Amino acid sequence: MCSAQPRGWAVFLLRLKSMTELTVKVPGIGQTEYQIHIGCALLGTLLDRVHTQFPGHKPFVVTDQNLKDAGHLETLIHGQVNGKDIPVYVIDPPGEVSKHIQTAVAIVEAMEKAYLGRDSVVIALGGGTVGDIAGFAASLFKRGVPVVQVPTTALAQADSSVGGKTGVDSSVSKNAFGVFWHPAAVYMDVDSLATLNDRDFRAGLVESVKHAMIQDAAYFEYLEQNITAILARDTQVLSELALKNCRIKGHVVQIDPLEKNMRRILNYGHTIGHAVESASRFGLLHGEAIAIGLIGAARIEMAMGLGDQARLNRTSALLETLGVPLKIPREITRDTVLDLIKRDKKAVDKWPKFVLISRFGQVHQVNGQWAVDVKQEMVNKVLDSLY
Ligand SMILES: NC(=O)c1ccc[n+]([C@@H]2O[C@H](COP(=O)([O-])OP(=O)(O)OC[C@H]3O[C@@H](n4cnc5c(N)ncnc54)[C@H](O)[C@@H]3O)[C@@H](O)[C@H]2O)c1
Ligand SMILES: [Zn+2]
């Protein structure tokens, strides 16, 4: 699909208006809908498109040093636009280590120093950390200005750039400061994934596996059948992946934008996964920890009669091909993981509910609830089996 269009431009339309654009509706939160644009070679024309969508608005780009080094910032701003320099804030060092309130403060102050006002638009060029920080800063600046998300990692294109969750970490926990600040638009240029390192690329694909498991059995098969092309970063297949992911995430956040109930299904594999991620003190990437969490969920399903060995085998095989870990690292004790599960932000009386599937594409529901009770003894046994 990338090569079929002039300049590789491709956009899609959900709800079958036409097949060119995907719209996510966010009822009740300021802006009512936004478009997700997916394709190749989008970065070079993006500023013109933002200019068209926000006439008279002044862009402010937030990115990180790795994006700058990889040349993506230059492709985006190509020096200047309409004869005026574009102010840029480059997060350095890149990654989670800079995802704290001081970075958000620095971005807001950089915008002030650039004489920007409420007529500005923030462009977040980067992975999930840049998107989360820039979106959060945009929500704070002058009581909120629009943010355009331009995700450049497999994780951000599958997950974090859609849905409006933004925030930064405190010294105590992840995303402690946070708001819903839905993007004004999302531009996914799959070409940008070419420069991402292999470990981040593979870990980011775990969110695609999660989406397939909770919503779309045919998508799971697609992943199995196209895994070689995916790992070779075939842009056509990556565009297809982005579209499938956005359809699923867009559909869920449209129904439940504030995570009152159904949106919780996106946390599939995350109850154990988050605990393992924290216990590893971020030695494991998010997607790597979630892979372990997906296997944990599959084992709970088997113990509860919701799943079988054949499904677990298919899940393990796909994740193994991605090269992500399927076992909890030995240096992390079961009790540490258990303690962190009890501290899950959705826990009630120190024990959270779990999202489980009854088959690929089908989340198990009890009395209309998408997260269900699982006994702690069962989780203990499952955790033991994850070593
Ligand atoms: N808002 C949400 O809904 C949501 C959902 C899931 C995760 N997240 C957050 O996302 C963050 C993780 O995001 P991530 O995995 O994208 O990590 P990241 O943003 O740290 O990116 C990973 C690394 O890749 C580099 N990078 C990014 N794009 C690149 C490219 N195209 N070429 C070369 N290098 C590139 C970055 O500089 C960084 O070093 C976490 O903070 C997590 O909490 C948010
Ligand atoms: Zn996740």
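Where does Phe-141 lie? In this predicted model, Phe-141 is found in the loop between α5 and β8 (147-151).

## Phe-141 and its surroundings

Phe-141 has 22 C-beta neighbours inside 10 Å and therefore counts as buried, the cut-off for that class being 20 or more. Leaving aside neighbours within four places in sequence, Phe-141 is in contact with Val-108 and Met-111. Val-122 is 19 residues from Phe-141 along the chain, and the C-alpha atoms of these two residues are separated by 9.9 Å.

## Helix α5

With 13 residues, α5 reaches 18 Å from its first C-alpha to its last, close to the 18 Å expected at 1.5 Å a residue. An α-helix has 3.6 residues a turn, so residues three or four places apart point the same way.

Is α5 largely enclosed or largely exposed? Because 12 of its 13 residues are buried, α5 is largely enclosed by the rest of the structure. Among the buried residues are Gly-128, Val-130, Asp-132, Ile-133, Phe-136 and Ser-139. Just after α5, Lys-142 takes a positive phi of about 50 degrees.

## Overall architecture

The protein chain contains 15 helices and 13 strands. Its radius of gyration is 20 Å, close to the 21 Å that the globule rule gives for 387 residues, so the chain is as compact as a globular protein of that length. Along the principal axes, the C-alpha atoms fill a box of roughly 65 × 45 × 40 Å.

Of the 387 residues, 49% count as buried. Among contacts between residues at least 6 apart in sequence, 72% join residues at least 24 apart.

The protein chain is divided into domain 1 (6-255) and domain 2 (262-385). The C-alpha centres of the two domains lie 27 Å apart. At the contact between them, 25 residues of domain 1 meet 24 residues of domain 2.

Which elements give two or more residues to the side of domain 1 that touches domain 2? They are α7, α8 (206-215), α9 (217-231) and α10 (235-255). Of these, α8 gives the most, with seven residues. By class, this side of domain 1 has 14 nonpolar, two polar and nine charged residues.

## The shell around ligand 1

Ligand 1 is surrounded by 30 residues, and the closest are Asn-66, Pro-94, Gly-127, Gly-128 and Ser-160. Gly-128 is also one of the buried residues of α5.

## Backbone features in the loops

Most residues other than glycine have a negative phi, and most peptide bonds are trans. Several positions in the model depart from these patterns. A cis peptide bond, with omega of about 5 degrees, joins Asp-92 and Pro-93. Pro-93 is located in the loop between β6 (88-91) and α4 (101-113).

Glu-259 has a positive phi, near 55 degrees, and lies in the loop between α10 and α11 (270-279). This residue is partly exposed, with 16 other C-beta atoms within 10 Å. Lys-350 likewise has a positive phi, near 60 degrees, and belongs to the loop between α14 (334-342) and β12 (357-359). Lys-350 has 11 C-beta neighbours inside 10 Å and so counts as exposed, a class that requires 12 or fewer.

## Thr-75 in helix α3

Thr-75 is placed in helix α3 (residues 72-77). It is partly exposed, with 18 other C-beta atoms within 10 Å. Not counting residues up to four places away in sequence, Thr-75 touches Leu-43 and Gly-44. Between Thr-75 and Lys-375 there is a separation of 300 residues in sequence and, C-alpha to C-alpha, 52 Å in space.

Conventions. Residues are numbered from 1 along each chain as its sequence is written. Chains are lettered from A and ligands numbered from 1 in the order in which they are written. This is a predicted model: local features need pLDDT of at least 70, side-chain atom pairs count only at pLDDT 80 or more; totals for chains, interfaces and linings use all residues. Helices (H or I, at least four residues) and strands (E, at least two) are DSSP runs, numbered from the N terminus. The radius of gyration is taken over C-alpha atoms; the globule rule is 2.2 Å times the number of residues to the power 0.38. Two residues are in contact if their C-beta atoms, placed from the backbone, lie within 7 Å. A residue is near a molecule or strand if its C-beta atom, placed from the backbone, lies within 6 Å of it. Domain bounds come from an automatic or database domain assignment. Ala, Val, Leu, Ile, Met, Phe, Trp, Tyr, Cys and Pro count as nonpolar, Asp, Glu, Lys and Arg as charged, and the others, Gly among them, as polar. The expected span of a helix is 1.5 Å times one less than its number of residues.
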